[in-house]
Amino acid sequence: PVVRAVSARLAEGAVSIARLARDLAYSERQLHRRVVAEVGFGPKRLGRILRLRQALAAAGGRPGDLAGVAHDHGFADQAHFSNECLALAGVPPTALLAG
């Protein structure tokens, strides 16, 4: 239930981990340990992955508008979106969208 609550809050948008932990009545460390135990990485990375997934889902319906998708999902620019995709998935967004 904690990881579901964390995922839901992170998927809503930018929220600090400190605020999230406080809202769920955990210390940051306790929250980190619980999320790592369930998904294998911390809440910060989980938030990055969720944001990337949302952006990629949106990009599937808007081919050729990666800059607009990046902006709509809180990335500084298309390069930031591409770099985040490379860091988390190992390939650029165009490769993920093509396959």
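Is Ala25 buried or exposed? The model on screen is predicted.

**Whole chain**

Start with the protein chain in cartoon view. Seven helices and zero strands make up its secondary structure. Read from the N terminus, the order is α-α-α-α-α-α-α. Along the principal axes, the C-alpha atoms fill a box of roughly 45 × 20 × 20 Å. The chain has 99 residues, and 28% of them count as buried. Now think about contacts between residues at least 6 apart in sequence. Of these, 43% join residues at least 24 apart.

**Stop 1: Ala25**

Select Ala25. You are in the loop between α2 (17-23) and α3. Ala25 is exposed, because its relative accessible area of 67% is over the 50% cut-off. Check the backbone next. Phi of Ala25 is near 65 degrees, a positive value in a residue other than glycine. Most residues other than glycine have a negative phi.

**Stop 2: α1 against α3**

Select residues 2-12 for helix α1 and residues 28-39 for helix α3. Two packed helices are described by the angle between their axes and the distance between the axes. Here the axes come within 9 Å and cross at roughly 100 degrees. That angle falls between 65 and 115 degrees, so α1 is roughly perpendicular to α3. Show the side chains at the crossing. From α1, the contact uses Val2, Val3 and Val6. From α3, it uses Leu31, Arg34, Val35, Glu38 and Val39. Colour these residues by type: six are nonpolar, none is polar and two are charged.

Stay on α1 and pick Arg4, which is found in this helix. At 67% relative accessibility, Arg4 counts as exposed. Draw a distance from Arg4 to Val35, C-alpha to C-alpha. The two are 31 residues apart in sequence and 9.6 Å apart in space.

**Stop 3: Leu46**

Move to helix α4, residues 43-60, and select Leu46. How does Leu46 compare with Arg4? Leu46 is buried, with a relative accessible area of 7%, whereas Arg4 is exposed at 67%. Which residues does Leu46 touch, leaving out those up to four places away in sequence? They are Val6, Ser7, Leu10, Val35 and Phe41. Two of these names come from the previous stop: Val6 of α1 and Val35 of α3 belong to the contact of those helices.

**Stop 4: Phe75 and Phe81**

Show the rings of Phe75 and Phe81. A pair of aromatic rings is described by the distance of the centres and the angle of the planes. The count comes to one aromatic pair. Phe75 and Phe81 form it, at 5.1 Å centre to centre with 40 degrees between the planes. Arg51 lies over the face of Phe75, at 3.9 Å from the ring centre.

**Stop 5: Leu96**

Finish in helix α7, residues 93-98, with Leu96 selected. Leu96 is partly exposed, because its relative accessible area of 36% lies between the 20% and 50% cut-offs. Set aside residues up to four places away in sequence, and Leu96 touches Leu56, Cys85, Ala89 and Val91. Then draw a distance to Gly60. Leu96 and Gly60 are 36 residues apart along the chain, with their C-alpha atoms separated by 9.5 Å.

Key: Residues numbered from 1 in each chain as written. Predicted model: local features only at pLDDT ≥ 70, side-chain atom pairs only at ≥ 80, totals over all residues. Heavy atoms only, no water. Phe/Tyr/Trp six-rings, centres within 6.5 Å; stacked < 30°, edge-to-face > 60°. Lys NZ or Arg CZ within 6 Å of the ring centre and 35° of its normal. Axes fitted to C-alpha atoms, helices over the stretch in contact; angles between N-to-C directions. Helix = DSSP H or I, 4+ residues; strand = E, 2+ residues; numbered from the N terminus. Parallel < 35°, antiparallel > 145°, perpendicular 65-115°, else oblique. Contact = heavy atoms within 4.5 Å. Nonpolar A, V, L, I, M, F, W, Y, C, P; charged D, E, K, R; others polar. Buried < 20%, exposed > 50% of the residue type's maximum accessible area, 1.4 Å probe, protein only.
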